[in-house]
Amino acid sequence: AVHHTGRAPIEAASMGLELAPDQIAFRCNLVTVGDDGTMLDFTGGHPDRELGRRAMEALQGELGGDVSFHPGVGFRHILVAPDAWLGATCIPPHDITGSPAVAPVGPGGPELCALMERSRAVLAGLPMEATQIWLWGQGRRPDLPAFRDHHGVEGGIVSAVDLVRGLGRLTGLDVVDVEGATAWYDTNYEGKRDAALAGLEAGADLYVIHVEASDEAGHAGDVDEKVRSLENWDRRILADLVVGLDGLGPWRMLILPDHATPLVKRTHTRDAVPYVAVDSARVGPGGRYTEAGVAHLEPEPGHGLLASLIGAS
């Protein structure tokens, strides 16, 4: 409500992109749209990092000029464009999977549609499932307060998702790169766990571990992968993370999804999500960490949970 200008400029910050006052950033997905105009796959077949980079380089070579294409990770990339396009109404592709691909409208809409259409011929020359780009999430660079100033502690973050990494960079968190972190089912769970423990041992007061796999499984409607991603959290992160934290002294932990992605809807919803808060120095009864297990509780604003964790006594 206070700081958000759009999703794309946060991701642009993760890439080190500086936006001029007359520029805005768009999220530039590689997507698969059917001949009948249906959004078949908002991940464009989930290309690897190298193929995604090749796609952006090809688009820059053919369509760059007034706009510029910048490679991110997999299907997630950035387009920098004139700020006159800011007012366009754009639909996130993951909200219309299996439905007609609703094109941008309003100020800049025709230019965006033309660019998306022209991208089809460029991507057709590459060995990928993606048929075109999809532009959305635009905004100017936000001005966020420093994490240490706002919360009074030093922190770090590990994630393979540019949106999350961008929030870290914009707030001055230590953003760590982990080899094998893919933002997909095959991500390096152990590497993220070990990065957090190393950061805490080196003096950080707080560390954020983010894993995207369960969200991707929700978008795909894949119950087996969603279950597997949660089991991986238990087996490949939490088990040894708790042992490592015990070796550092008293600790607190907050675990939660950053949003709901129900399998039956395959997109984000505004439903409240369950969270669990643990303090190693306090022993008491637990609860059920499920949506049903916390349905009787009043939801808490998400933006207040971190302050509660840091300020808990």
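1. Before the pocket, a word on terms: on a 1 Å grid over the protein atoms alone, a pocket is an open set of points where a 1.4 Å probe fits, with protein on both sides within 12 Å along at least five of seven lines, and lining residues have an atom within 4 Å of a point. Volume here is the space filled by probe spheres set on the points, which are joined across faces, edges and corners. This is a predicted model, where local features need pLDDT of at least 70, side-chain atom pairs count only at pLDDT 80 or more, and totals for chains, interfaces and linings use all residues. Residues are numbered from 1 along each chain as its sequence is written, and side-chain values use heavy atoms, with hydrogens and water left out.

2. The second largest pocket comes out at about 630 Å³. Its lining has 21 residues, with Val276, Ala277, Val278, Asp279 and Pro285 nearest the centre. Two or more lining residues come from each of β9 (252-255), β10 (276-279) and α9 (305-311) (DSSP runs numbered from the N terminus: helices are H or I, at least four residues; strands are E, at least two). β10 gives the most, with four residues.

3. By class, that lining splits into twelve nonpolar, four polar and five charged residues. Ala, Val, Leu, Ile, Met, Phe, Trp, Tyr, Cys and Pro count as nonpolar, Asp, Glu, Lys and Arg as charged, and the others, Gly among them, as polar.

4. On to the helices: α6 (residues 189-201) and α8 (residues 223-246) have axes that come within 9 Å and cross at roughly 25 degrees (axes are lines fitted to C-alpha atoms over the stretch in contact, with angles from 0 to 180 degrees between N-to-C directions). That makes the two helices roughly parallel (under 35 degrees; over 145 is roughly antiparallel). On the α6 side, Tyr189, Glu190, Arg193, Leu197 and Leu200 meet α8 residues including Trp233, Ile237 and Leu241 (contact means heavy atoms within 4.5 Å). The contact holds seven nonpolar, three polar and four charged residues.

5. α8 also packs against α7 (residues 213-220), with axes within 8 Å and a crossing of roughly 170 degrees. This pair is therefore roughly antiparallel. Ala213, Ser214, Ala217 and Gly218 of α7 touch Glu225, Lys226, Ser229 and Leu230 of α8, giving three nonpolar, three polar and two charged residues.

6. Finally, α2 (residues 49-63) and α3 (residues 109-123) pack at about 115 degrees, axes 10 Å apart. Ala55, Ala58, Leu59, Glu62 and Leu63 of α2 face Leu115, Arg118, Ser119, Val122 and Leu123 of α3 in this contact. Seven of these residues are nonpolar, one is polar and two are charged.

Methods
Angles under 35 degrees count as roughly parallel, over 145 as roughly antiparallel, 65 to 115 as roughly perpendicular and the rest as oblique.
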